[in-house]
Amino acid sequence: MSDSYSTLLIERHADGYALVTLNRPEALNALNSTLFAELATFLDAVEHDDSVRCLILTGSGPKAFAAGADIKEMADQTYAQMYTGNFFALGHDRIARFRKPIIAAVNGFALGGGCELAMLCDFILASDKARFGQPEINLGVAPGIGGSQRLTRAVGKSKAMEMVLTGRMMDADEAERAGLVSRVVPADTLLDEARAVAAKIAAQSLLAVMANKEMVGAAFETTLTQGVQFERRLFHSLFAFEDQKEGMSAFVEKRKPNFTGR
């Protein structure tokens, strides 16, 4: 399978994960239609590829994960063009329905569309040099890839409202305190830490990983009663698979499990 793209660098690892690097360093990895289309194509390619059980998404260069959407591509668009083209829908919707975990490894700026892309991932590992923000207000517009919704869910109304109305950036320490990121690590160890986490996830039962991702995601879409019922049914369903038998037998026998995804 070819992994040749003009805006992405793909590195597949024998431990069962792939490192996806946004590769538009001349534009601080600004997100354009080509990048979103290529990312969607790659996600299609690995959705049912059991050799890739987890993804890491990061940006090329030390300055930015992604400094926003590509303003040059959007500046002259009319409402009719944005509406009929359903701008940003391809990237957002394809990432949102990807069933395997995606870890965002953020170093430098994650602003506007870059912050939204990071929040689309399942969790964020941030370097101590990371900066997050939704500065679209400075351009006379607003978040368009889910930022107003996901940022508010992550950090609460007051902080999200301030950020979208003023364009203020949040540093890595504040982002961790606010619950936007999972952990902050030194910049020079960010990718090593992301690789270790991805390898640990990839070593688990793929069936269980996908079910756990689906359960946690449901917490944002349902009531507590519905969410617990959904969790319980998925938990029950995992007992239909060989991986459950192997995992519990390995625990009793004090050995490492050999998960096969069956």
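Tutor: Asp122 counts as partly exposed because its relative accessible area is 35%; buried means under 20%, exposed means over 50%, and partly exposed lies in between, with a 1.4 Å probe and protein chains only. The model is predicted, so local features need pLDDT of at least 70 and side-chain atom pairs count only at pLDDT 80 or more, while totals for chains, interfaces and linings use all residues. Residues are numbered from 1 along each chain as its sequence is written, and side-chain values use heavy atoms, with hydrogens and water left out.

The side chain of Asp122 meets that of Lys213 in a salt bridge, at 3.0 Å from N to O. The term requires a side-chain nitrogen of Lys or Arg within 4 Å of a carboxyl oxygen of Asp or Glu. This pair links distant parts of the chain, 91 residues apart: Asp122 belongs to the loop between helix 5 and strand 7 (123–127), and Lys213 to helix 10 (residues 206–218). Helices and strands here are DSSP runs numbered from the N terminus, with helices being H or I of at least four residues and strands E of at least two. Lys213 is buried, since its relative accessible area is 19%.

Strand 7 also contains Ile124, which is buried because its relative accessible area is 3%. Contact is taken as heavy atoms within 4.5 Å. Leaving aside neighbours within four places in sequence, the contacts of Ile124 are Ala104, Val106, Ala118, Met119, Phe132, Leu180, Val181, Ser182 and Arg183. Between Ile124 and Leu57 the C-alpha to C-alpha distance is 9.6 Å, across 67 residues of sequence.

The salt-bridge rule gives a count of 15. Two of these bridges involve Arg12. Asp49 lies in the loop between helix 1 and strand 3, whereas Arg12 lies in strand 1, so their pair ties together parts that are 37 residues apart in sequence. Asp49 counts as buried because its relative accessibility is 17%, and Arg12 is partly exposed because its relative accessible area is 32%. Elsewhere, a network of salt bridges links Lys159, Glu162, Arg168 and Glu174.

Because Tyr5 lies in the segment before strand 1 and Phe42 in helix 1, the pair ties together parts that are 37 residues apart in sequence. Both Tyr5 and Phe42 are buried. Phe235 and Phe239 form an edge-to-face pair too, because their centres are 5.3 Å apart and their planes stand at 80°. Phe235 is partly exposed at 45% relative accessible area, and Phe239 is partly exposed at 35%. Rings of Phe, Tyr and Trp (its six-membered ring) pair if their centres lie within 6.5 Å; planes under 30 degrees apart count as stacked, over 60 as edge-to-face and the rest as tilted.

Phe36, Phe87 and Phe88 form one aromatic cluster. Phe88 sits in the loop between helix 3 (79–85) and helix 4, and it is buried because its relative accessible area is 16%. Its phi is near 80°, a positive value in a residue other than glycine. Most residues other than glycine have a negative phi. Lys254, which is not a glycine either, has a positive phi of about 55°. Lys254 lies in the segment after helix 12 (242–252) and is exposed, its relative accessible area being 76%.
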